[in-house]
Amino acid sequence: MTEGTTSAAAEGADALTRLEQEGDIAADYLEGLLDIADLDGDIDMDVEADRASVSIISDSGSRDLQKLVGRDGEVLEALQELTRLAVHRETGDRSRLMLDIAGYRAKKRAELSELGAKAAAEVKSSGEPVKLRPMTPFERKVVHDAVKAAGLRSESEGEEPQRFVVVLPA
């Protein structure tokens with residue numbers, strides 16, 4: 001192993017340790033929140049795509065946890081921001097942590113990937129750009145990834161909260 005390879009491996013291990021620490025801090029914060037709200041849920045931690053990922057899941061059906069998702073994921077987004085702030089308070093570093101509750105984001109990711117693929121297919125057949133509805137940053141990222149996988153490009157346009165994806169011909 002060369003010196004450059006060794007330092008790259010060490011940096012990768014440091015990043016993984018840092019992301020695992022973020023997950024631990026987030027899990028502790030969320031467990032406290034579940035206790036306060038008197039809700040049952042298990043915390044699952046992982047590292048996905050260079051960011052910590054924390055999920056709250058329930059064996060007894062996720063009806064109670066739906067309160068933490070809210071309408072169109074609004075409460076989930078707010079809880080994610082609060083959890084990121086808790087991590088920032090402990091580490092001093094900005095967190096890109098992703099939070100999922102009762103599989104909401106996983107289901108949403110599948111729906112948005114399909115939307116991106118359909119929009120890409122429409123652009124390929126018509127040769128015209130397609131504008132999609134306004135989306136959250138998470139939603140736009142998933143659509144951009146799906147469009148890229150389909151071999152096309154996309155851009156975000158507009159101002160929050162009305163920012164949207166435009167799928168462009170190749």
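**Chatting through the strands and a few side chains**

Guide: Let's start with a side-chain pair: Glu160 and Arg140 are joined by a polar contact of 2.8 Å. A polar contact here is a pair of N or O atoms within 3.5 Å; within protein, one must be able to donate a hydrogen and the other to accept it, and residues adjacent in sequence count only if both atoms are side-chain atoms.

Visitor: What sort of model is this, and how are residues numbered?

Guide: It's a predicted model, numbered from 1 along each chain as its sequence is written. Local features need pLDDT of at least 70 and side-chain atom pairs count only at pLDDT 80 or more, while totals for chains, interfaces and linings use all residues, and side-chain values use heavy atoms, with hydrogens and water left out.

Visitor: Where is Glu160 found?

Guide: In the loop between β5 and β6. Helices (H or I, at least four residues) and strands (E, at least two) are DSSP runs, numbered from the N terminus.

Visitor: And what does Glu160 contact besides its neighbours within four places in sequence?

Guide: Met135, Pro137 and Arg140, with contact meaning heavy atoms within 4.5 Å. The C-alpha atoms of Glu160 and Pro137 are separated by 9.1 Å, and the two residues are 23 apart along the chain.

Visitor: How does Glu160 count for accessibility?

Guide: Glu160 has 45% relative accessibility, so it counts as partly exposed. The scale is buried under 20% relative accessible area, exposed over 50%, partly exposed in between (1.4 Å probe, protein chains only).

Visitor: What do β5 and β6 form?

Guide: A hairpin, with six residues between them; Gly158 in the turn has a positive phi of about 95 degrees. β5 (residues 153–157) pairs with β6 in the antiparallel sense over five bridges, and Ser156 stands opposite Val165 in β6. Two strands pair if DSSP finds at least two bridges between them.

Visitor: Which other strand pairs with β6 over three bridges?

Guide: β4 (residues 130–134), also antiparallel. Val130 stands opposite Val167 there.

Visitor: Why is β6 called largely enclosed?

Guide: Because five of the five residues of β6 (residues 164–168) are buried. Phe164, Val166 and Leu168 cover one side, and Val165 and Val167 the other. As background, side chains in a regular strand alternate between the two faces of the sheet.

Visitor: Changing topic: what's the strand order in the open sheet?

Guide: β1-β2-β3, three strands with mixed pairing. β1 (42–48) and β3 (98–101) are at the edges with a single partner strand each, so one side of each has no neighbour in the sheet. Ignoring direction, neighbouring strands are turned by 20 degrees against each other on average.

Visitor: How do β2 and β3 run?

Guide: Parallel, with four bridges joining β2 (residues 51–57) to β3. Ile56 has Ile101 in β3 as its bridge partner.

Visitor: What lies across β2 and β3?

Guide: Helix α3 (residues 74–91), running at about 135 degrees to β3. Axes are lines fitted to C-alpha atoms, for helices over the stretch in contact, and angles run from 0 to 180 degrees between N-to-C directions.

Visitor: Is Arg84 buried or exposed?

Guide: Arg84 is buried, with a relative accessible area of 17%. This α3 residue makes a side-chain polar contact with the side chain of Glu81 (3.1 Å). Not counting residues up to four places away in sequence, Arg84 touches Arg51, Ser95, Arg96, Leu97 and Met98.

Visitor: Last one: which ring does the charged end of Arg105 sit over?

Guide: The ring of Phe138, 4.6 Å from its centre. The rule is NZ of Lys or CZ of Arg within 6 Å of the ring centre and within 35 degrees of the ring normal.
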